[in-house]
Amino acid sequence: MSDRRGEFWQGVRLSVPVVVASAPFAILFGALAIDNGFSVAEATLMSASIYGGASQLVGIELFGQHVAPWLVVLSIFAVNFRHVLYSAAVGKRIDHWPFLKQAIGYFFLVDPQYAEAERKGENGEEVTFAWYMGMALPIYVFWVAESALGAMFGRLIPNPHAIGLDFLLPIYFLGLVMSFRKRPRWLPIVVASAVASMIAYKTVGSPWHVSIGALAGVLFAAAMPVRPEETAASDETVEVVS
Amino acid sequence: MSTTLWIILAGAVATYLTRIGGHLVISRFERIHPRVEAGLNAVPAAVLTTLVAPAALSAGPAELAALAVAAIVSLRGGLMTMFLAGAAVLIALRHFIG
């Protein structure tokens with residue numbers, strides 16, 4: 001029992017930097033959700049049920065542009081698609097948990113949770129449910145609470161334009177794009193998506209620039225000749241497959 | 001049920017499917033075709049780029065300067081540093097040039 005408690009607190013300790021780093025984005029999400037027409041309850045529900053920062057911000061951005069609902073959902077799905085690879089990798093580490101605990105565990109599988117679980121597994125340590133939830137619960141609870149807080153304060157901001165609220169999301173999304181720059185053919189993929197989405201934006205119009213631009217980048221990546229050394233090196237997602 | 005609520009719940013189901021789906025589907029395959037894998041690898045950068053590029057297309061000097069500074073800072077700093085740098089440039093320039 002005390003062993004399990006130790007595991008839990010070890011997880012809690014790992015959650016601290018994540019809680020600190022994600023706080024501004026949770027508050028920003030809440031404020032922007034209000035700005036894009038969500039209620040406080042809806043913003044809080046979104047954080048509690050989706051629990052994925054980038055996808056939530058993409059969702060409210062497109063919602064604010066009055067994009068067709070199914071396309072908003074599809075974009076959330078697309079941004080979160082990387083979790084498929086996390087899931088396949090972490091699955092091997094938590095296979096021994098009872099079914100219900102696994103089902104709960106997958107809900108909390110966000111980027112830092114994946115990274116720490118992989119690290120623990122690679123060090124030859126067992127990934128226990130107590131450790132996993134010790135890390136997951138503080139991140140989740142703070143994320144949801146700070147989203148609600150941001151939403152409540154978001155209504156009090158008198159002039160959103162002066163503090164740049166309407167343009168913070170493109171800056172944030174640019175940061176996420178840059179964070180993938182170590183991946184193979186990152187620059188040509190980004191250029192393909194950027195050009196296609198800008199042309200689509202000017203011709204077909206919003207919201208189709210999202211699907212068309214994304215498709216252009218993905219098809220470009222798939223069509224390029226496969227270099228053997230690339231499939232075996234350099235990216236965190238590769239070991240999942242091999 | 002309101003449209004907003006529908007979007008949130010469908011988004012939540014879609015997200016959960018990505019989190020459990022890799023374990024249920026991908027891990028059953030011995031190997032993924034390299035082209036499929038290359039395509040999957042490109043998904044996040046490709047999707048997120050489409051949210052930046054058109055915004056830059058219709059942006060003014062303050063917004064473009066903020067994006068440029070943020071991109072440069074991101075080569076060295078983390079996400080938070082680049083975000084704060086971009087926001088600071090944006091707010092300052094909007095204050096001075098309107």
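In which sense, left-handed or right-handed, does α3(A) cross α4(A)?

1. This is a predicted model, in which local features need pLDDT of at least 70, side-chain atom pairs count only at pLDDT 80 or more, and totals for chains, interfaces and linings use all residues. Residues are numbered from 1 along each chain as its sequence is written, chains are lettered from A and ligands numbered from 1 in the order in which they are written, and side-chain values use heavy atoms, with hydrogens and water left out.

2. Chain A holds 13 helices and zero strands, where helices (H or I, at least four residues) and strands (E, at least two) are DSSP runs numbered from the N terminus. Its radius of gyration, taken over C-alpha atoms, is 20 Å, close to the 18 Å that the globule rule gives for 242 residues, so chain A is as compact as a globular protein of that length; the rule is 2.2 Å times the number of residues to the power 0.38.

3. Helix α3 (residues 53-64) of chain A packs against helix α4 (residues 69-79) of chain A at an angle of about 155°, with the axes 9 Å apart; the axes are lines fitted to C-alpha atoms over the stretch in contact, and angles run from 0 to 180 degrees between N-to-C directions. That makes α3(A) roughly antiparallel to α4(A), a term for angles over 145 degrees. The crossing is right-handed, meaning that the near helix is turned clockwise from the far one by less than a right angle.

4. In this contact (heavy atoms within 4.5 Å), residues including A:Val58 and A:Leu62 in α3(A) meet residues including A:Val72 and A:Ile76 in α4(A).

Terms used. Parallel < 35°, antiparallel > 145°, perpendicular 65-115°, else oblique.
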